[in-house]
Amino acid sequence: MTEVIIVKNSEQAGAIYARCVADLIAQKPNAVLGLATGSSPLTAYQALASIVRQESIDVSQVHGYALDEYIGLPLTHPQSYHATIQRTVTEPLGLNPEYVHVPGDALQGAPLSDGERIAQAGPNYDKAIQQAGGIDVQILGIGTDGHVGFNEPGSSLASGTRVKTLAEQTRIDNARFFDNDISQVPTHCITQGIGTILKARHVILLAFGKSKAEAIAQTVEGGISSFCPASALQLHAHATIIVDEDAASLLQHKEYYQYAFAHKPQWQNI
């Protein structure tokens, strides 16, 4: 069963993630991290950066693979995920930029019309992750409709990294990052698929606020369905979902999750 940890706030959730990843890097200096953008992971990255500095952890060999990227957006664009990952992860943690990858890096902002080049980018990205040894810890956020990465409802639960058409609502939601001008928001993206995400050895999903409560309830306690892509985590051997009280408010077995975590053996990490 997916482990559910209910915390007071995003700072507490970030501390749990950071301790887990810091211990991993100390044991495995060339650890491979799965990286996500969005607001949910930010406190987790900040907490990890703090531990790295305080404990002088060597991260020079750590590799990172991001979830997704817009198609047709220059890598230098401030809202490209290449730039966002560099700004929120690579620089604060002190990672080697050559070891941090985003699905659109090889495209260099190529337009959607460059079909052959774009079509190969997904399989090549999955191959690169495999050659790096696979992802050790994948961090995820979740959309209000249960999407992870850019895997919108209806996405195949066996999908690999591929090009997807962004839902109109997603473009509307993301317009706030593009001067509230939806015409500036790309119509397509390249994203790790659900099948790619499930290959990570450990998946940690973070969610905060009442707006995520329905998606979390469906993810943890609903049926496994492509219309709630995150529900595929029920199939994962090592998935951890960390939520605040608001995001956990619709869980039917909330008290059990709290009891189980409170009585977890000290030697058993997340």
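This is a predicted model: local features need pLDDT of at least 70, side-chain atom pairs count only at pLDDT 80 or more; totals for chains, interfaces and linings use all residues.

Visitor: What do the helix and strand labels stand for?
Guide: Helices (H or I, at least four residues) and strands (E, at least two) are DSSP runs, numbered from the N terminus. Contact means heavy atoms within 4.5 Å. Buried means under 20% relative accessible area, exposed over 50%, and partly exposed in between, with a 1.4 Å probe and protein chains only.

Visitor: Which residues of H2 are buried?
Guide: Thr43, Ala44, Tyr45, Leu48, Ala49, Ile51 and Val52.

Visitor: How does the span of H2 fit its 13 residues?
Guide: H2 (residues 42-54) should span 18 Å at 1.5 Å a residue, and its end C-alpha atoms are 19 Å apart, which agrees. The expected span is 1.5 Å times one less than the number of residues. After H2 comes Ser56, with a positive phi near 50°.

Visitor: Back to Tyr45, what does that one touch?
Guide: Not counting residues up to four places away in sequence, Tyr45 touches Tyr17, Leu35, Ala36, Thr88, Val89, Leu93 and Ile139. Tyr45 counts as buried because its relative accessibility is 1%. Tyr45 and Ala18 are 27 residues apart in sequence, yet 7.2 Å apart in space, C-alpha to C-alpha.

Visitor: And H1, which residues are buried there?
Guide: Ser10, Ala13, Gly14, Ile16, Tyr17, Ala18, Cys20, Val21, Ala22, Leu24 and Ile25. Their cover includes strand E1 (3-7), E2, H2, E6, E9 and strand E10 (239-244).

Visitor: What caps the N-terminal end of H1?
Guide: Asn9 does: one of its side-chain oxygens lies 3.2 Å from the backbone nitrogen of Glu11. A polar contact here is a pair of N or O atoms within 3.5 Å; within protein, one must be able to donate a hydrogen and the other to accept it, and residues adjacent in sequence count only if both atoms are side-chain atoms.

Visitor: How many bridges join E9 to E10?
Guide: There are 5, and the two strands run parallel. Leu206 stands opposite Ile242 in E10. E1 and E10 also pair in the parallel sense over 5 bridges, with Ile6 opposite Val243 in E10.

Visitor: Are the faces of E10 covered or open?
Guide: Both faces are covered: Ala239, Ile241 and Val243 are buried on one side, and Thr240, Ile242 and Asp244 on the other. In a regular strand, side chains alternate between the two faces of the sheet.

Visitor: What about the sheet with 3 strands, what's its order?
Guide: E4-E8-E7, an open sheet with antiparallel pairing. Strand E4 (68-70) and strand E7 (162-165) are at the edges with a single partner strand each, so one side of each is left without a neighbour in the sheet. E4 and strand E8 (residues 188-191) pair over 3 bridges, and Asp68 stands opposite Thr191 in E8.

Visitor: In the largest nonpolar core, who touches the most other members?
Guide: Tyr17, Leu205, Ile216 and Val243, out of 77 residues. The largest share of this core, 9 residues, comes from H1. A second, separate core of 6 residues includes Ile71, Leu107, Ile118 and Ile190. A nonpolar core is a set of buried Ala, Val, Leu, Ile, Met, Phe, Trp, Tyr and Cys residues joined through side-chain atoms within 4.5 Å.

Visitor: Last one: is Lys264 buried or exposed?
Guide: Lys264 counts as buried, at 18% relative accessibility. A polar atom of its side chain lies 3.2 Å from the backbone oxygen of Asn269.

Notes: Residues are numbered from 1 along each chain as its sequence is written. Side-chain values use heavy atoms; hydrogens and water are left out. Two strands pair if DSSP finds at least two bridges between them.
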